[in-house]
Amino acid sequence: MIQRIQTIYIFFAAVLVALLLKLDFAELAVEGQLYVFNANGIISDGQILFDGLPVMGFIGLITLLHLVIIFLYKKRIRQIRFLSFTILLLLGLVGVMFYFLYAAFDGAEIVFKIPIVFPVLAVILDYLAIRGIGKDEALIRSLNRIR
């Protein structure tokens, strides 16, 4: 059942999360200095002020899990469990991102970019995939009862 709609949801969630590796999440302005926050950390003029290794680790793990989940199509219950775990990781990623933003500087003006909502969109896509997998599992169980 790799050709089902939930596979497309999982694939798009993986693409959204993988895009976070290249895009900027926010810009911070502190005392006239401009800082950029991306997966590498908080950067100013090419120098890394705060290392983004936790953020990059979350992004890499979540992307890898999404790609593994796609190929677990024969084990639907395991797919649902992994997707639930991935949702928790995505929420953790959002928490780490906001921790980096608000703990880095006091009184910083923050301008969020569009990629900051990609983890939330991935959570929604993962939830839709869980619903689709649940429907497939219910269909398979009902067909087994008929036999």
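In which crossing, left-handed or right-handed, does α2 pass α3? The crossing is left-handed. The legends below describe views of a predicted model.

**View 1. Packing of helix α2 against helix α3.** Helix α2 covers residues 53-70 and helix α3 covers residues 76-104. Their axes lie 10 Å apart and the packing angle is about 160 degrees. Because angles over 145 degrees count as roughly antiparallel, α2 is described as roughly antiparallel to α3. On the α2 side, the contact is made by P54, V55, F58, I59, L61, I62, L65, H66, V68, I69 and I70. On the α3 side, the contributing residues are Q79, F82, L83, F85, T86, L89, L90, G92, L93, V96 and F100. Sorted by class, this contact of α2 with α3 holds 18 nonpolar and four polar residues, with no charged residues.

**View 2. Packing of helix α1 against helix α2.** The axes of α1 and α2 are 9 Å apart, and the two helices pack at an angle of about 160 degrees. That angle makes α1 roughly antiparallel to α2. The crossing of α1 and α2 is left-handed. From α1, the contact takes in T7, I10, F11, A13, A14, V17 and A18; from α2, it takes in I59, I62, T63, H66, L67, I69 and I70. The class count for α1 with α2 is 11 nonpolar, three polar and no charged residues.

**View 3. The largest nonpolar core and F25.** This core has 38 residues, of which F25, F37, V55, I59 and L93 touch the most other members. Two or more residues are given to the core by each of α1 (5-19), β1 (26-30), β2 (33-38), α2, α3 and α4 (118-146). The largest share, 10 residues, comes from α3. Leaving aside residues up to four places away in sequence, F25 touches L20, F37, N38, A39, V55, I59, M97, F112, K113, P115 and I116.

**View 4. V111 in strand β5.** V111 belongs to strand β5, residues 109-112. Its relative accessibility is 49%, so V111 counts as partly exposed; the class of exposed residues begins over 50%. Residues up to four places away in sequence not being counted, V111 touches A26 and E27. I130 is 19 residues from V111 along the chain, and the C-alpha atoms of the two are separated by 33 Å.

**View 5. I77 in helix α3.** I77 is found in helix α3 and has a relative accessible area of 34%, which makes I77 partly exposed. Apart from residues up to four places away in sequence, I77 touches E137 and R141. Between I77 and R145 there are 18 Å in space, C-alpha to C-alpha, at a sequence separation of 68 residues.

View 6. E31 sits in the loop between β1 and β2. Phi of E31 is near 50 degrees, a positive value in a residue other than glycine. With a relative accessible area of 82%, E31 is exposed. D45 is placed in the loop between β3 (41-44) and β4 (47-51). D45 is not a glycine, yet its phi is positive, at about 55 degrees. The relative accessible area of D45 is 72%, so D45 is exposed.

How values were computed:
Residues numbered from 1 in each chain as written. Predicted model: local features only at pLDDT ≥ 70, side-chain atom pairs only at ≥ 80, totals over all residues. Heavy atoms only, no water. Axes fitted to C-alpha atoms, helices over the stretch in contact; angles between N-to-C directions. Helix = DSSP H or I, 4+ residues; strand = E, 2+ residues; numbered from the N terminus. Parallel < 35°, antiparallel > 145°, perpendicular 65-115°, else oblique. Left-handed = near helix turned anticlockwise from the far one by under 90°. Contact = heavy atoms within 4.5 Å. Nonpolar A, V, L, I, M, F, W, Y, C, P; charged D, E, K, R; others polar. Core = buried A, V, L, I, M, F, W, Y, C linked by side-chain atoms within 4.5 Å. Buried < 20%, exposed > 50% of the residue type's maximum accessible area, 1.4 Å probe, protein only.
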